[in-house]
Amino acid sequence: MEVAGGKRKGGKGTRALPQKRYYRQRAHSNPLSDHSFDDPIKPSDKNWLEHYPTMKEGQDVEFLDIGCGYGGLLVELSPMFPDQLMLGIEIRVKVCDYVRDRIDALREREDKYHNVSVIRTNAMKFLPNYFKKGQLSKLFFLYPDPHFKKKKHKWRIINSTLLDEYAYVLREGGLVYTITDVIAMNEWMVSHLDAHPLFERVSEEELKQDVIIPKLYESTEEGKKVFRNKAAGENHGDGVVRVAVFRKLPVPPISK
């Protein structure tokens, strides 16, 4: 029997997978509010062994899923890239708790998924507190909140200012993956990334060779909902899911 927290009654400590119904929370959170987080002052202050007990000396987080939701992408990619440490960032308390319990349960049940973890923080404010310059190789933005109202566009997870921070923590040649079923959000993200001097769009031909692309569509709870709604003709977007991937370019030399 599954209960909240992923414990199995009468199972001598055997951990069952948690159920989302015990972790439900509002889909939207104001990222500009003063939430309470336990963030390090600088990346070297963070003890990552708490998250990855089997990590090797000198190993760093390389994949980052911003707004990871219920952790679907992390679970999908973990066995595909067992040598890369992956992290999800989620601002909602209960959703973050679910991902943590889900990972703990999977580790206990299968002795896998030791390369994935989650933290609760605000990526719009504290990303440089966790990651060094050029540390990450992949950044994921899967079905981000479109914040339809114009006055809330400042809440969108991709904007000119935040792209500077993403470029800082992403290594040269690193990739930014975006996916959405909202055409206005796709146009917003693509236009901002196109306009940034340190990003270039990856061609469709190159994307066909990327094994991650098929996992973007329905690995997350939001992605599954999009396709359920699409099948029922109830999409809140325009019914078309759009992927756009951008590569981090070298920093140009400073002209004298």
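1. The largest cavity has a volume of about 30 Å³. A cavity here is a set of points on a 1 Å grid over the protein atoms alone where a 1.4 Å probe fits but cannot get out. Its volume is the space filled by probe spheres set on the points. The structure holds one cavity of 30 Å³ or more.

2. A word on the basis. This is a predicted model, in which local features need pLDDT of at least 70, side-chain atom pairs count only at pLDDT 80 or more, and totals for chains, interfaces and linings use all residues. Residues are numbered from 1 along each chain as its sequence is written, and side-chain values use heavy atoms, without hydrogens or water.

3. The cavity lining (residues with an atom within 4 Å of a point) consists of F63, L64, D65, L73, L74, L77, M86, L87 and F140. By class, eight of these residues are nonpolar, none polar and one charged. Strand 1 (61-66), helix 1 (72-77) and strand 2 (85-90) each supply at least two lining residues. Helices (H or I, at least four residues) and strands (E, at least two) are DSSP runs.

4. Aromatic pairs come to ten. Rings of Phe, Tyr and Trp (its six-membered ring) pair if their centres lie within 6.5 Å; planes under 30 degrees apart count as stacked, over 60 as edge-to-face and the rest as tilted. Y130 and F131 form a tilted pair, 6.2 Å centre to centre with 40° between the planes. Y130 is buried at 3% relative accessible area, and F131 is buried at 1%. Buried means under 20%, exposed over 50%, partly exposed in between (1.4 Å probe, protein chains only). W48, Y52, Y130 and F131 form one aromatic cluster.

5. F141 and Y166 are also paired: ring centres 5.1 Å apart, planes at 50°, so tilted. F141 lies in strand 4 (residues 136-142) and Y166 in helix 4 (residues 160-169), so the pair ties together parts 25 residues apart in sequence. Both F141 and Y166 are buried.

6. Nine salt bridges are found (a side-chain nitrogen of Lys or Arg within 4 Å of a carboxyl oxygen of Asp or Glu). One of them joins K215 and E76, with the closest N and O atoms 3.5 Å apart. K215 lies in helix 7 (residues 213-218) and E76 in helix 1, so this pair ties together parts 139 residues apart in sequence. K215 is partly exposed at 29%, and E76 at 33%.

7. D97 and R100 also meet in a salt bridge (3.1 Å, N to O). They are three residues apart in helix 2 (residues 93-110), so about one helical turn separates them.

Key. On a 1 Å grid over the protein atoms alone, a cavity is a set of points where a 1.4 Å probe fits but cannot get out, and a pocket is an open set with protein on both sides within 12 Å along at least five of seven lines; lining residues have an atom within 4 Å of a point. Ala, Val, Leu, Ile, Met, Phe, Trp, Tyr, Cys and Pro count as nonpolar, Asp, Glu, Lys and Arg as charged, and the others, Gly among them, as polar.
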